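Please look through the chain shown below before reading on.

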Amino acid sequence: MSEPYDSRFTLPSIDDAPSTEAGVILMGLDAERLLAGVGLARIADEPALVALAVDQARHDALALDTAAMVAAGITRWRAVRPLIAAGPEMTAAGSLRKEWEQTTARVTATVTGLGPASVACLAACWLRRDDVDKFAEHGRTPEKGSSTRDVLSQVFTD
């Protein structure tokens, strides 16, 4: 008789970086949210671009909603995916946390000039690339007022 599946919550290793735990959370997001994160991270990684975006938003020259973030994320993903794909081959680690560490190393080795948010979002997209590619292929973005809009987009549009 086989042992029943043990579904107890396991705590992270005390040696894991906080970014690894954030990565485990990111890997659980759907493709739309991951791509929105890639789109927003493109701005948030560069302080000058953030300041410019805030100034433009104050003057109603920038409407930053979920659809805009997803569209920017799809564009960015399509641009960097071939670079990440050409990166060093890595063996499957068998652990989400080890996979995360290997994938962030792959992303930083293949795409230059990334800040921590872009590295995290692109690594999560790479680990979930089948779902992300399907979503990006169809180019679907949520309509304004749809149920997929989240709090972050409302902050930028209020």
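**A helix and its cover**

The cover over the buried residues of H6 includes helix H1 (18-26), H2, H4, H5 and H7, where buried stands for under 20% relative accessible area, exposed for over 50% and partly exposed for what lies in between, with a 1.4 Å probe and protein chains only. The model is a predicted one, in which local features need pLDDT of at least 70 and side-chain atom pairs count only at pLDDT 80 or more, while totals for chains, interfaces and linings use all residues. Residues are numbered from 1 along each chain as its sequence is written, and side-chain values use heavy atoms, with hydrogens and water left out.

The secondary structure of the chain amounts to 8 helices and 0 strands, taken as DSSP runs numbered from the N terminus (H or I with at least four residues for helices, E with at least two for strands). Of the 158 residues, 34% count as buried.

Leaving aside residues up to four places away in sequence, Trp77 touches Leu35, Val38, Ile84, Leu122, Cys125, Trp126, Arg129, Val132, Asp133 and Ala136.

Why is H6 described as largely enclosed by the rest of the structure? The reason is that 9 of its 12 residues are buried, among them Leu122, Cys125 and Trp126. From first C-alpha to last, H6 reaches 17 Å, close to the 16 Å expected at 1.5 Å a residue, the expected span being 1.5 Å times one less than the number of residues.

Thr110, which has its place in helix H5, is also buried, with a relative accessible area of 18%. A polar atom of the Thr110 side chain lies 2.9 Å from the backbone oxygen of Arg106, and Thr110 touches Leu83, Ile84, Gly87 and Pro88 when residues up to four places away in sequence are not counted.

Conventions: Contact = heavy atoms within 4.5 Å. Polar contact = N/O pair within 3.5 Å; in protein donor to acceptor, adjacent residues only side chain to side chain.
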